[in-house]
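Me: Can you walk me through this one? I'll ask as I go.

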Amino acid sequence: GAGRAEAPMPWDVPVEFLDELRVREREPALASVTEALLITRQARVDPLRFAAGLAHHAGTVATGVRVTGRKVQRSRVTTLTTTIGELHPGIVVFATGVAPRPDVDVPHHHVKGHLATTEPVAFRLSAQIGAPAGGALQLADGRLLTGGTLDEGDESPIVRPDVVQELRRGLDDLIPMVASV
């Protein structure tokens with residue numbers, strides 16, 4: 001991986017170099033990490049809470065509704081036929097896949113990756129951990145989220161066990177006490 005001298009960072013991002021002793025003090029659960037960068041003032045968004053926040057500002061929100069057809073004029077979806085009737089949306093977002101062709105010709109490419117979580121663990125991480133072999137983000141319920149692979153060329157929706165096993169090995173190597181979870 002890149003050494004400290006080769007790790008480019010924007011000047012306005014507060015970064016602190018941690019030697020092995022400081023890494024151990026900050027994250028005792030980590031295995032043989034000899035140096036690390038602590039990047040502060042980072043944030044993340046819980047996707048479900050974000051969606052709920054957006055829905056709060058939307059005009060009308062309906063769940064459990066299935067789209068059964070659409071009308072397109074000049075490359076725009078003008079009408080959706082749904083299980084609750086016709087809708088005339090101003091904007092349509094295809095959030096569960098790609099826009100249906102040939103009606104909606106939106107340039108795109110498939111992006112596939114893998115994420116995995118453990119069962120809840122008995123300890124708390126103080127920060128998100130990123131490492132060449134993976135990393136970990138502790139969720140509110142105690143589970144560790146790992147992964148974020150980019151599986152270029154794999155357009156299959158199938159979860160690949162070999163990728164999940166590699167994520168698990170990386171997590172176990174980084175945080176050995178997780179191996180029993």
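Me: Asp-162: buried, exposed or partly exposed?
Reply: Asp-162 is partly exposed, at 42% relative accessible area. Buried is under 20%, exposed over 50% and partly exposed in between, with a 1.4 Å probe and protein chains only. Bear in mind that this is a predicted model: local features need pLDDT of at least 70, side-chain atom pairs count only at pLDDT 80 or more, and totals for chains, interfaces and linings use all residues. Residues are numbered from 1 along each chain as its sequence is written, and side-chain values use heavy atoms, leaving out hydrogens and water.

Me: What does Asp-162 form a salt bridge with?
Reply: With Arg-160, the closest N and O atoms being 3.2 Å apart. A salt bridge here is a side-chain nitrogen of Lys or Arg within 4 Å of a carboxyl oxygen of Asp or Glu. Arg-160 is partly exposed too, at 29%.

Me: Which residues are linked in that network of salt bridges?
Reply: Lys-112, Asp-154, Arg-160 and Asp-162.

Me: And how many salt bridges does the count come to?
Reply: Nine by this rule. Among them, Arg-22 meets Glu-16 at 2.6 Å, N to O, and Asp-141 meets Arg-143, also given as 2.6 Å.

Me: How accessible are Arg-22 and Glu-16?
Reply: Arg-22 has 36% relative accessible area and Glu-16 has 29%, so both count as partly exposed. In the other pair, Asp-141 is at 41% and Arg-143 at 27%, again partly exposed.

Me: Switching to strands. What's the order in the open sheet?
Reply: S6-S9-S8-S7, four strands with antiparallel pairing. Strands are DSSP runs (E, at least two residues), numbered from the N terminus, and two of them pair if DSSP finds at least two bridges between them.

Me: Which ones are the edge strands?
Reply: S6 (115–117) and S7 (129–131), each pairing on one side only. Neighbouring strands in this sheet are turned by 20 degrees against each other on average, direction ignored. Those angles use axes fitted as lines to C-alpha atoms, and run from 0 to 180 degrees between N-to-C directions.

Me: How many bridges join S6 and S9?
Reply: Three, in the antiparallel sense, with S9 spanning residues 144–147. Ala-116 stands opposite Thr-146 in S9.

Me: Where does Gly-135 sit?
Reply: In strand S8, residues 134–138, and Gly-135 is buried at 7%. Its C-alpha is 6.9 Å from that of Gly-147, twelve residues apart along the chain. Leaving aside neighbours within four places in sequence, Gly-135 is in contact (heavy atoms within 4.5 Å) with residues including Ile-129, Leu-145 and Leu-174.

Me: What does Ile-175 touch?
Reply: Ala-29, Leu-30, Phe-123, Leu-125, Ala-136 and Leu-144, not counting residues up to four places away in sequence.

Me: Last one: which backbone atom of Gly-85 lies 2.6 Å from the side chain of Thr-82?
Reply: The backbone oxygen of Gly-85, next to a polar atom of that side chain. The Thr-82 side chain also reaches the backbone nitrogen of Ile-84 at 3.1 Å. Thr-82 is found in strand S4, residues 76–82, and counts as buried at 8%.

Terms used:
Polar contact = N/O pair within 3.5 Å; in protein donor to acceptor, adjacent residues only side chain to side chain.
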